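This report describes a protein model for a reader who works with coordinates. The sequence and the structure are shown first.

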Amino acid sequence: MNIHPRPFDHPDAVKLNDQVQLEYAARYGDDEGDVTPLDASMFEPPNGLYLLAYDAQGHPVATGGWRSQERNAEGYSDGDAELKRMFVIPEGRGNGLARRILAALEADARAAGRSRMVLETGDQQPEAIALYTSSGYTPCQKFGHYRTYESSLCFAKPLR
């Protein structure tokens with residue numbers, strides 16, 4: 001597997017984002033998926049990074065990104081790096097790819113001077129919860145678009 005930085009609006013990123021949205025919709029029983037407002041500029045270095053992983057045939061199989069956040073009304077803190085759109089296609093799961101992407105994103109956010117990686121996931125994503133907790137993330141105060149939803153779970157990990 002090869003991991004490369006790509007813009008959030010790259011055609012391969014859009015393709016996998018569409019797939020993860022369908023998975024969110026199925027898991028949470030709605031037609032919307034994750035409606036958190038995102039645009040490509042949020043993931044541009046040095047204020048973020050978006051990664052795509054490709055298999056040996058050059059097909060996109062996984063994504064993940066981080067974007068800078070500062071203290072605001074949605075509950076973020078100064079120096080936060082927010083993890084977004086971590087996703088591995090079903091055929092690529094179980095090979096440690098999400099861990100590789102997560103480690104690369106943490107390293108990049110740390111190098112960019114961010115002090116804490118934060119993420120929001122949901123209670124219908126046990127695989128994600130297991131990945132994050134086994135990678136040193138602990139529950140934190142809710143933040144972000146879904147902070148008022150009961151199904152929302154927020155985690156953080158110091159980067160320094």
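## Sheet and packed helices

The model is a predicted one. Its sheet is open and consists of 7 strands with mixed pairing, in the order β1-β2-β3-β4-β5-β7-β6. The edge strands, each pairing on one side only, are β1 (2-5) and β6 (138-139). Strand β7 (residues 152-158) runs antiparallel to β5, and 7 bridges join the two. Within this pairing, Met117 has Lys157 of β7 as its bridge partner.

Helix α1 packs on the sheet and touches β2, β3, β4 and β5. The direction of α1 makes about 85 degrees with that of β4. Helix α3 also packs on the sheet, where β4, β5 and β7 are touched. The direction of α3 makes about 160 degrees with that of β5.

## Nonpolar cores

In soluble globular proteins, nonpolar side chains tend to be buried together. In this model, the largest nonpolar core has 36 residues. Leu83, Met86, Ile101, Leu105, Met117 and Tyr132 have the most contacts inside that core. Two or more residues come from each of α1 (11-28), β2 (48-54), β3 (60-69), β4 (80-88), α2 (97-111), β5 and α3 (126-134). The element that gives the most is β2, with 6 residues.

When residues up to four places away in sequence are not counted, Leu105 touches Leu49, Leu51, Gly64, Gly65, Trp66, Leu83, Met86 and Met117. A second, separate core has 5 residues, among them Tyr76, Val118, Phe143 and Cys154.

| Residue | Strand | Relative accessible area |
|---|---|---|
| Thr121 | β5 | 4% |
| Arg67 | β3 | 7% |
| Ser152 | β7 | 2% |
| Arg85 | β4 | 5% |

Why does Arg67 count as buried? Its relative accessible area is 7%, and buried means under 20%. The side chain of Arg67 has a polar atom 3.5 Å from the backbone oxygen of Pro37. Beyond its neighbours within four places in sequence, Arg67 is in contact with Thr36, Pro37, Leu38, Met42, Phe43, Asn47, Gly48, Tyr76, Asp80, Ala81, Glu82 and Lys84.

Thr121 lies in strand β5 (residues 116-122). The side chains of Thr121 and Gln125 are joined by a polar contact of 3.4 Å. Apart from neighbours within four places in sequence, the contacts of Thr121 are Ala128, Ile129, Ser151, Ser152, Leu153 and Phe155.

Ser152 belongs to strand β7. With residues up to four places away in sequence not counted, Ser152 touches Glu120, Thr121, Lys142 and Tyr146. Ser152 and Glu120 are 32 residues apart in sequence, yet their C-alpha atoms are 6.7 Å apart in space. A polar atom of the Ser152 side chain lies 3.4 Å from the backbone oxygen of Tyr146.

## Cysteines

How many disulfides are there in the model? The count comes to 0. The sulfur of Cys140 has the sulfur of Cys154 as its closest cysteine sulfur, at 5.4 Å. A disulfide requires sulfur atoms within 2.5 Å, so the distance of 5.4 Å is too far for a bond. From the side of Cys154, the closest cysteine sulfur is likewise that of Cys140. Cys154, a member of the second core, counts as buried at 5% relative accessibility.

## Backbone geometry

Most residues other than glycine have a negative phi, and most peptide bonds are trans. Two places in the model depart from this pattern. The peptide bond from Pro45 to Pro46 is cis, with omega near 5 degrees. Pro46 lies in the loop between α1 and β2. Arg85, although not a glycine, has a positive phi of about 55 degrees. This residue is placed in strand β4 and is buried, with a relative accessible area of 5%.

Note on methods
Residues numbered from 1 in each chain as written. Predicted model: local features only at pLDDT ≥ 70, side-chain atom pairs only at ≥ 80, totals over all residues. Heavy atoms only, no water. Buried < 20%, exposed > 50% of the residue type's maximum accessible area, 1.4 Å probe, protein only. Polar contact = N/O pair within 3.5 Å; in protein donor to acceptor, adjacent residues only side chain to side chain. Contact = heavy atoms within 4.5 Å. Core = buried A, V, L, I, M, F, W, Y, C linked by side-chain atoms within 4.5 Å. Pairing = 2+ DSSP bridges. Axes fitted to C-alpha atoms, helices over the stretch in contact; angles between N-to-C directions.
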